[in-house]
Amino acid sequence: MIVEVRNLHKAHGERQVLRGIDASVDRGETIALVGPSGGGKSTFLRCLNGLNSFETGSVRIAGLSLQPQTPPDSPGLIPLRSKVGMVFQGFHLFPHLNVLANVCLAPLQVRKEARTQVEERALQLLGKVGLADRADAKPAQLSGGQQQRVAIARALAMQPEVLLLDEPTSALDPEMRGEVLAVLRDLAGTCTMLVVTHEMAFARGVATRIWVFDEGKLVEDGTPEQVSQNPRSARARAFFAKM
Amino acid sequence: MVLLLAALSGLSRVEQQRELRWAGDLQGGEPYVFRDPRDPSKLVGFEVELAAALAKELHVRAVFVQNEWSNLVPSLERGDFDVILNGLEDTAQLRGRILLSKPYFNFAEQLVVRRGFPQRHLDQLDGHRVGTLSSSLAHAILRAHPRIETILYGGQEEPYRDLQLGRIDAVLLDSIIATRYGLTKPDLELADPDVARGTYVMGVRKGDETLLDALNAALDKVRSSGQLAAIDARWHLPELPDAPAQEASEDLPQAQMDRGQLWLFLRGAGVTLFVSFLAMALAVPLGLTLALLRMYGGRFSSFAAHAYVEAFRGTPVLLQLYILYYGIAPIVHLSALAAAILGLGMNYGAYEAEVHRAALQSIPIGQSEAAAALGLSRGQSLRLVLLPQALHTALPAMTNDLIALLKDSSLVSVITVVELTKQMTITAVDVRSWAVPGALCALLYFVMSYPLARLAGRLEARLAA
């Protein structure tokens, strides 16, 4: 198992955001995290690479374990983060660097790889996301969909074992969602992915499993057919009824 | 109309307003005019007593007007008061500009050195640094020795202090100042008691001839009645040395706004640029360090950085320059130029710290999260992701500060650095006009600051691309 979470609890002040999550993921799976807003799915995802700390419980991911109460800027998290990539809702490309430099930054600086090797891989990845010809562009010159595809290439450049995607299409116009989802569809199976999403068609079509989060709990965990057609919990039934 | 104006000029004006408005400078005013240490609401000094005696002869009241010493003449011309009575020296230059009374005090220009200093005469001081007050008779004498490096001060205490510290090798000033401020220091001694002679006179504006005549007549009475001698004795004013000195070499031609002056202006502009750029080169990294300490440092370093910013922003840069140059001189001995650069740099560092802090805080949190998620360390994230963006944001503010610094650098003249503005005031006094030197000075500042603004604009455009 590449991800294993036991009894994870997380609070924002008084408010319990995660109330005892147990979950595990096998290598190569694609997990779609769905559920109503405020249910805790984004927070859960951010706990997996230490961007959010948690109070109690245990996380094992890509062979490394994450301790409770680890501050998000702790140097101890660096090895974990080079194995666990992340894609954000708001892309967060570095605006002062061109596309190629965005993709190459982490392999060059964190893994200290040779520049020729890194650039070769970066151009290959940009080709994969359909942006080989925009390597010299600055992020501001790209559309939202293009920026998100660069962000995916940037995360993949570190050759992560697990890729976390936090609502990767929510900030995009409908016509741009397709191009990003197509990239993710191609990626499925080659890399373990956890995707927080509201795209139910994508979840049903691509995910190996769907997780439904509600009020800080993982209320449903099963294959797309199982979860969407015959949900076990009342919460999940209510959620899918609204879709 | 003409009659009315005439009635308002000279003696009749003084009689009509029933007061003689006389001007001097209380700074370093002992023994001329200064606040009574026992009762600061009262003014004392030999000139206070002389003014009172003269006013009594004119049957009016004496009223003191405070005015910076080096600007007494322009203020008189503006009509701020009736008469200058404050150690004004009789020079050929002055005589052409305002009306001067008969002398009320005779003095010798005296050369003071550190005890045991081998050079005892002005002629031996070529290549040495000699201090004096700007626009004084001694300044005119020193100008006739172009190989002597003249250092100009605004107050009479500072040159002797710098002499003690070895920043200069001699001070040339009149006997009253030398006696009161120089020779009271045990490590200084009189090298040449009689370099030249001069007189203190009163000054009134042109057109006030009737007032001048009345003042001269009053002075004659005060002298013949023995009052003047009594005042001098009461204040222990030094008598003239017995040995007759050569006449003061004050028949120098009046300075013209010529190529020589232009060269001095360019040199002043060079000093301004040099001081400003080096101060900014210090302020930017200092400000960056302070901003980073304040935002990312531990509790102590964050507090210390905050305290630094508030202390340097909350006190005048003039005070900081004084402290750096005079205050800490017994411990750290800085040259004037070093103190100027350090003082401005440290002061502007506080402002730059806030500029950088604001710029860093304006970067969305997503940037540092994205950097962290990629495995960048905090240092790498700062260096490669946050700072390049922050510096871009801060560039307009930094340019603004550099242009402000270019002009604020004129403050360093208080610690003897002759930069552009100081050169302008020196030249303006020498050539008896503010218009041409002032315009030239303004032009030079503009020529220096405008390209900076253009350059920054182009840099911004390039970074934005």
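**Loops, strands, helices and contacts**

Reader: Between which two strands of chain B does the loop that holds B:Pro31 lie?
Author: Helices (H or I, at least four residues) and strands (E, at least two) are DSSP runs, numbered from the N terminus. The peptide bond that joins B:Glu30 and B:Pro31 is cis, with omega at about 0 degrees. As for its place, B:Pro31 is in the loop between E1 and strand E2 (34-36) of chain B.

Reader: How are residues and chains labelled, and what kind of model is this?
Author: Residues are numbered from 1 along each chain as its sequence is written, while chains are lettered from A and ligands numbered from 1 in the order in which they are written. Local features need pLDDT of at least 70, side-chain atom pairs count only at pLDDT 80 or more, and totals for chains, interfaces and linings use all residues, because this is a predicted model.

Reader: How many of the six residues of strand E1 of chain B are buried?
Author: A residue is buried if 20 or more other C-beta atoms lie within 10 Å of its own, exposed if 12 or fewer, and partly exposed in between, with C-beta atoms placed from the backbone. Strand E1 (residues 19-24) of chain B is largely enclosed by the rest of the structure, because its buried residues number five of the six.

Reader: Which buried residues does helix H9 of chain B have, and how wide is the arc within which they fall?
Author: The buried residues of H9(B) are B:Leu211, B:Leu212, B:Ala214, B:Leu215, B:Leu219 and B:Val222. An α-helix has 3.6 residues a turn, so residues three or four places apart point the same way. Seen down the axis of H9(B), and taking the arc as that of the directions from the helix axis to the C-beta atoms, the buried residues line one face of the helix, because they fall within an arc of 165 degrees.

Reader: How far apart are the end C-alpha atoms of H9(B)?
Author: The expected span of a helix is 1.5 Å times one less than its number of residues. For the 16 residues of helix H9 (residues 209-224) of chain B this should give 22 Å, which agrees with the distance between its end C-alpha atoms, 22 Å.

Reader: Is B:Arg115 buried or exposed?
Author: B:Arg115 is found in the loop between strand E7 (105-114) and strand E8 (129-133) of chain B. Not counting residues up to four places away in sequence, B:Arg115 touches B:Asp187, B:Leu188 and B:Glu189, where two residues are in contact if their C-beta atoms, placed from the backbone, lie within 7 Å. Because B:Arg115 has 10 C-beta neighbours inside 10 Å, it counts as exposed.

Reader: What is the radius of gyration of chain A?
Author: Chain A has nine helices and 10 strands, and its C-alpha trace spans about 50 × 40 × 30 Å along its principal axes. The radius of gyration is taken over C-alpha atoms, and the globule rule is 2.2 Å times the number of residues to the power 0.38. With 243 residues, a compact globule would have a value near 18 Å, which agrees with that of chain A, 18 Å.

Reader: Which residue in E7(A) is the bridge partner of A:Val84?
Author: From strand E6 (residues 84-87) of chain A, A:Val84 and A:Met86 point one way and A:Gly85 and A:Val87 the other way, and all are buried. E6(A) pairs in the parallel sense with strand E7 (residues 162-166) of chain A over four bridges. In E7(A), the partner of A:Val84 is A:Val162.

Reader: What value is phi of A:Lys112 near?
Author: A:Lys112 is in the loop between H3 and helix H4 (115-128) of chain A, and it counts as exposed because it has 8 C-beta neighbours inside 10 Å. Its phi is positive, in a residue other than glycine, and is near 55 degrees.

Reader: How do the residues of the side of chain A that touches chain B divide?
Author: In chain A, 20 residues are in contact with 17 residues of chain B. Helix H2 (78-83) and helix H3 (99-109) of chain A each supply at least two residues of that side. Ala, Val, Leu, Ile, Met, Phe, Trp, Tyr, Cys and Pro count as nonpolar, Asp, Glu, Lys and Arg as charged, and the others, Gly among them, as polar. On that basis, the residues of the side of chain A that touches chain B divide into 12 nonpolar, six polar and two charged.

Definitions and conventions:
Two strands pair if DSSP finds at least two bridges between them.
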